[in-house]
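Visitor: I am new to this structure. Please take one part of it and go through that part closely.

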Amino acid sequence: MRNSSSLAIPFAGRSTADDVLSGVDLAGKTILITGCNSGIGFETMRALQAHGAHVIALARSEQSARDAIARAGGSGTPVACDLGDLASVDAAIGKIHGLGRQLDAVIANAGVMGASQAEQLYGVEKQFWVNHVAHFRLVNGLLDLVPDRTGRIVVVSSLASKLSAPKEGIAFGDLDGRKNYRATRFYAQSKLANALFARELSQRLAERGIAVNSLHPGSILGTGFMRNFAAPIRLLLRLARPLGKTLPQGAATQTLLAASPLVAGVTGLYWSDCKPAKGSPHLEHAELRERLWTVTEDVLTRAQRAIMT
């Protein structure tokens, strides 16, 4: 796998998804993305399709995914995958296996941001489940379709993982949010979990040569996420609004990581503005990464038991 110090990437924060794919022919490539029907997920799908990729497009309903593919105007297969419903995630894994396609890249893009009151799914807080646990299940359930040496997995994290996550990284004693819930804190925790998962997965897949990276897409204008942040952070975001990104710019980094030949073989990094960036210090803690992996597996086991009873 390549060292990040050898990279020469001519793109930055104002680059768009089409910019990073300029001159790239993705014909014959199949790329899966969650959250295809809106925001940077839709823009990523549109750019990938415009450059020849066949996109397996996941949304909460098959109709939403089908409509998004039609709006994007390219080649795609719609798949229903409600990340808040484990049975739906498992059904999506089964359907994707039945397509008979290898997955050249998987982009874990979809996400939710919590309300002022904690909500639970399968015994854990909703953001932690949807943003992390469900994607953990989906990605691991599809790994046998990702080719060795050339396959890529991209996990969308956030700058919030550095700024607002619990001091200890993951509050394992309060995963349901009943003790000390704040929407911003638990969103940041789920985004840190995304980055921790990506780093740990990159090491577990090292022998297969599959590249796994996480990223901060940037502060995207007009997404509506800002309303759920605490007042001090909302103020900072308002002040930074002139520096905010458009949707095509926000989609650039994940598109680069999923499909650009410039980053082939680069793995285990946290990215921002189309460049390797400094992520949370917690990413370097092997024990935390391993514990999160084990706890996530336990959460899924309990959820599967609950479904069966």
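Guide: Helix α4 (residues 86-98) packs with helix α5 (residues 126-142) at an angle of about 30 degrees, and their axes are 10 Å apart. Axes here are lines fitted to C-alpha atoms, for helices over the stretch in contact, and angles run from 0 to 180 degrees between N-to-C directions. Helices (H or I, at least four residues) are DSSP runs, numbered from the N terminus. That angle makes α4 roughly parallel to α5, a term for angles under 35 degrees. On the α4 side, the contact (heavy atoms within 4.5 Å) is made by Leu86, Val89, Asp90, Ile93, Ile96 and His97, and on the α5 side by Trp129, Ala134, Arg137, Leu138, Gly141 and Leu142.

The model is predicted: local features need pLDDT of at least 70, side-chain atom pairs count only at pLDDT 80 or more, and totals for chains, interfaces and linings use all residues. Residues are numbered from 1 along each chain as its sequence is written, and side-chain values use heavy atoms, with hydrogens and water left out.

Helix α5 also holds Phe136, which pairs with Trp293 in helix α11 (residues 286-308), 157 residues apart. Ring pairs link Phe136, Phe197 and Trp293 into a cluster. Phe197 is buried too, with a relative accessible area of 3%, while the value for Trp293 is 8%.

Note on methods: Helix = DSSP H or I, 4+ residues; strand = E, 2+ residues; numbered from the N terminus. Parallel < 35°, antiparallel > 145°, perpendicular 65-115°, else oblique. Buried < 20%, exposed > 50% of the residue type's maximum accessible area, 1.4 Å probe, protein only. Phe/Tyr/Trp six-rings, centres within 6.5 Å; stacked < 30°, edge-to-face > 60°.
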